[in-house]
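Subject: Structure handover

Hello,

Here is the structure for you to look over.

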Amino acid sequence: MRSHLLRIILATLALVVGVVQADAQSPTKVKIRLDWKGGAQHAPFYLGKKGYYRDEGLDLDVISGSGSSDTIKQIGSKAVEFGLVDALVLVQGAQQRVPAKSIAAYYQTTPIVLISPQAKPVTNPRQLLDGIKLGSKKGSATFQGLVALLAANNMQLEQIKLVDIGFGVQPLLVKQVDAIMGFSMNEPIEAESGGMAVSLMPVSDYGVNTYGLTIVSNPDFMQQKPEVVKAFMRATLRSVAETVKDPAAAVAAVAAAVAETDAKREAKVLEHTVPYWQSKDTETGGFGWQTEQRWRDTIDVARKLGLIESALRTEDVFVNTYLSK
């Protein structure tokens, strides 16, 4: 009787130990909400799902977004653990006391560019004073980029011929306008697909010294689960490096995860995206490295745009704690 009871106890203990071990080995589920529909600009997150995040004990769910303003709300409410948020939106959120901080600068500079035909290029902001018809969607992120560009070069919106257009490159293709505002990895590719070779003038080359997209998290989550945040960033760093090394595999990972992906187009998107992961700061600090000066510049631009009313401390918007030097 005793031996039978002992066998039952041992079997029960073995079952409990097995459950505990299985639970310990099961990956931690985390979510990242993108700034927009998934594409090659987000390739590292999709490529990393094939192993890098799981190697770090994470089960990553990549969720398409509908704008940075939506993503930062999701971070603030703890609906997701990580998100991609434009730096200016993050600064605006900090002023409104939304609990969110950047843990890495995904784009080291803003990807907003002025796009014009190669046959008649706009290569300097001062050319806009010569009657150039410039298309931009008022209220959009690229319109904010235009206003920041003008402010950085002591120009006023009233001094240029602005044409309020929707999204897309058709107004440029049909010569309704002489140039348009857009993102480096989007509209130029559309224009070239439409048969127009284009010239790009990055606003970052003319005084708009802001970060672009940032990887953000909720400070409470960062404090409660620091090892999860570190694991996420370690996997992301590996994914970024592998994306640069093998862009074809990265695009294939996006195509496998996102419906109706045009792999040929996304290969071009990725080619335009990679340079934004790199800067003098990343040469020394590694992917995502952030500096107080660059964040001060970003905050200053936000003030000039009227997005915030008063200055913020840089520690209110970013930390480098989870990056590997």
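The notes below cover the strands, one aspartate and the nonpolar cores.

This is a predicted model: local features need pLDDT of at least 70, side-chain atom pairs count only at pLDDT 80 or more, and totals for chains, interfaces and linings use all residues. Residues are numbered from 1 along each chain as its sequence is written, and side-chain values use heavy atoms, with hydrogens and water left out.

Strands first. Helices (H or I, at least four residues) and strands (E, at least two) are DSSP runs, numbered from the N terminus. Strands pair if DSSP finds at least two bridges between them. E1 (residues 28–33) pairs with E2 (residues 58–63) in the parallel sense, over six bridges. Lysine 31 stands opposite aspartate 61 in E2. E1 also runs parallel to E3 (residues 82–86), joined by two bridges. There, isoleucine 32 has phenylalanine 82 as its bridge partner.

Now aspartate 35. It sits in the loop between E1 and helix H2 (43–48). Aspartate 35 touches, among others, His42, Ser66, Thr71 and Leu213 (heavy atoms within 4.5 Å), not counting residues up to four places away in sequence.

Last, the cores: sets of buried (under 20% relative accessible area, 1.4 Å probe, protein chains only) Ala, Val, Leu, Ile, Met, Phe, Trp, Tyr and Cys residues joined through side-chain atoms within 4.5 Å. The largest has 57 residues, and Phe45, Ile103 and Met233 are among those with the most contacts inside it. Helix H10 (residues 226–245) gives the most to this core, seven residues. Another core, of 41 residues, lies apart from it and includes Phe143 and Leu312.

Best wishes

Note on methods
Buried means under 20% relative accessible area, exposed over 50%, partly exposed in between (1.4 Å probe, protein chains only).
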